[in-house]
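Q: I am new to this one. Could you show it to me and take me through a few of its features?

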Amino acid sequence: MAAETSCLEGHRLTHSFRQGESRTTVLHDVSLALWPGEMVLVMGPSGSGKSTLLALLSGLLQPEEGEVLIFGEELWRLRPAARKAFRQRHFGFIFQGYNLFPALTAREQLEIVLRWGEGVPAGEARTRADAILDLLGLGTKKTLRPAQLSGGEKQRVAIGRALVKRPTVCFADEPTSALDWKHGQHVVELLRAAATAEGATVFIVSHDARIIPYADRVFHLEDGYLDSHDLAASAGMGTP
Amino acid sequence: MSYSLTTIWHERKRFLPGIVAVAFSTLLILFQGGLLVGQFSLTSTPIDHTRADLWVGHPMNLSVDLGRPIPERWLCQVAVQPEVVQVETYVIGLIVVDRLDGRSELCTVIGSALGDNSLGAVRELTPELRGLLTEPGSVVADETELGRLGFERVGDVAEVLGKRVRLVGVVQGLKSLAAPYLFCSVQTARILFSGIEQDQTIFILGRCQDPANASAVVQRLRKEHYLSAFTSDGFSNQTRIHWMTATKAGLAAVWSAILGLLIGLVITSQTLYAATASAWREYAVLEALGIPTWRMGMTVLAQSFWIGTLGLAVAVPVSLGLGELLGLVNIKVLFPIWLIGPSAALTMITVLLSGLFAMRSLRLVQPAELLR
């Protein structure tokens, strides 16, 4: 793949956290490029720096060293408001917890992203939210609140919330950790479908090895060092 | 239904303290204000229950019951005004009544003309009572205040500055704030007030052909004749405001209202802050998705708006109901629109302010924390 087609690049990213008097470096000189329409999986044990890498690439955390380029533009050179607007236009997020508003229905969880983020009129927001929920197999659960949904259904609503605005890049932090594999597999298939159908880049960090067959590229992160060797390619899986 | 209202309904246990605080502080303001307005409206009873459109008195006059003598010849200057069709004298003042049991009571003696078209006689004085009052030394009092004046029944007597007065009848609904009203003829009042000369009066009352012209007459009397003149509404307001400020009761009510508002502000602010802080994860996801912070702030403000609206929806009917209840035991509580409107507006402003304070909790929202 040509470098100029990448949608997101991290160059020599280094980051550390202060713990009392000492500092712990959680990422060492990590470089990574993501291309449109691919699903990239970064694996590693707990504390390996996976989530920090996701936070740095997505603009939620500023790297101590290195730079993040999005369509060739340095993310941290943007003003905070512009950076946020950039996230609004291009990024979707799926976090470990579902983090759904308890009072709102599945449909409303998606609607607010469109109405508050893009100023989409109520009618259009409802249509788009319903379309995604139908796609996620939640057509009959649109008016239910989180307390009335199973864990798998809640995660699918969280995925819908990330995908409803048709992001360029969708970041997922341990999307299957709270699910049994039957539901987890469905979630991964949905993300894979989004990458294929919408041309969205899906960046997953997880320690769940069962996701590997669905990824185009798989990297291993341990103690803050990224093994640049593509595990999927060497295993003959994925379509990088 | 708006997302904010949906949230309040779904998490009503969490938001209830805020709603109760707003309702309670509004109730405090409204009810106290209503009580104050109701009670001080009693000070202008002699004005509000008569037919006069114009009141002319001493330039230093502060209220209806604190009048000073003026020359009776000023009557002519009022009478010659083209809009004025009737004038008469009116004697009123505070005086000490010596009860037969030896105790004393301050009361307000009101001496007015007693004819059928009298301007100064209160509406409650029936022709029969007005006829009885023509006898010098006769007085009428409100039935609820007989005990304070030392009267037990019609026909009883008391002494005013060594002069005997006899109760010839009673009226209802003319209770005073502090000094019970004693209604009598101008002649009786002159006898009781030894300080008033025969060619003096306390007020000159006038009636206009068209009451709508009273204001213009008042302006002319002030400008061209240098008289201290008022319309009946204007004088009624001045009397109430004078007593409200003179007794510091108004000030006490304002401080109490401020205290109520502060309590409402703190509790509502804390309720909203806690509600927003507890949803920080959900807000953090929206923050990560690039939703503008001001948009989330608007949600908190909308919640504060609904808390205020619900609080008012409870406080206003409860205040009105309590007012009605007190009315049953002869305690006057009034809720004019100029009291309810600003009280409601003040409550909403306070609640929206508490929403602004609560928005601080959105600063805690850091999406990167979701990745820890």
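**A loop residue and its surroundings**

A: At 52% relative accessibility, Asn330(B) counts as exposed, where exposed means over 50% relative accessible area, buried under 20%, and partly exposed in between (1.4 Å probe, protein chains only).

Q: What should I know about the model and the numbering?

A: This is a predicted model in which local features need pLDDT of at least 70 and side-chain atom pairs count only at pLDDT 80 or more, while totals for chains, interfaces and linings use all residues. Residues are numbered from 1 along each chain as its sequence is written, chains are lettered from A and ligands numbered from 1 in the order in which they are written, and side-chain values use heavy atoms, with hydrogens and water left out.

Q: Back to Asn330(B): where is its place in chain B?

A: Asn330(B) is in the loop between helix 12 and helix 13 (337-358) of chain B; helices (H or I, at least four residues) and strands (E, at least two) are DSSP runs, numbered from the N terminus. Asn330(B) has a positive phi of about 65° although it is not a glycine.

Q: Staying in chain A, how do strand 1 and strand 2 pair?

A: Strand 1 (residues 8-19) and strand 2 (residues 22-34) of chain A pair in the antiparallel sense over nine bridges; pairing requires that DSSP finds at least two bridges between two strands. Phe17(A) stands opposite Thr24(A) in strand 2.

Q: What joins them?

A: The two strands form a hairpin with two residues between them, and Gly20(A) in the turn has a positive phi of about 65°.

Q: Switching to chain B, how many helices and strands are there?

A: Chain B has 13 helices and eleven strands. Along its principal axes, the C-alpha trace of chain B spans about 95 × 50 × 30 Å. Of the 372 residues in chain B, 52% are buried.

Q: Where is Val318(B), and how accessible is it?

A: Val318(B) is in helix 12 (residues 293-328) of chain B. Val318(B) counts as partly exposed because its relative accessibility is 37%.
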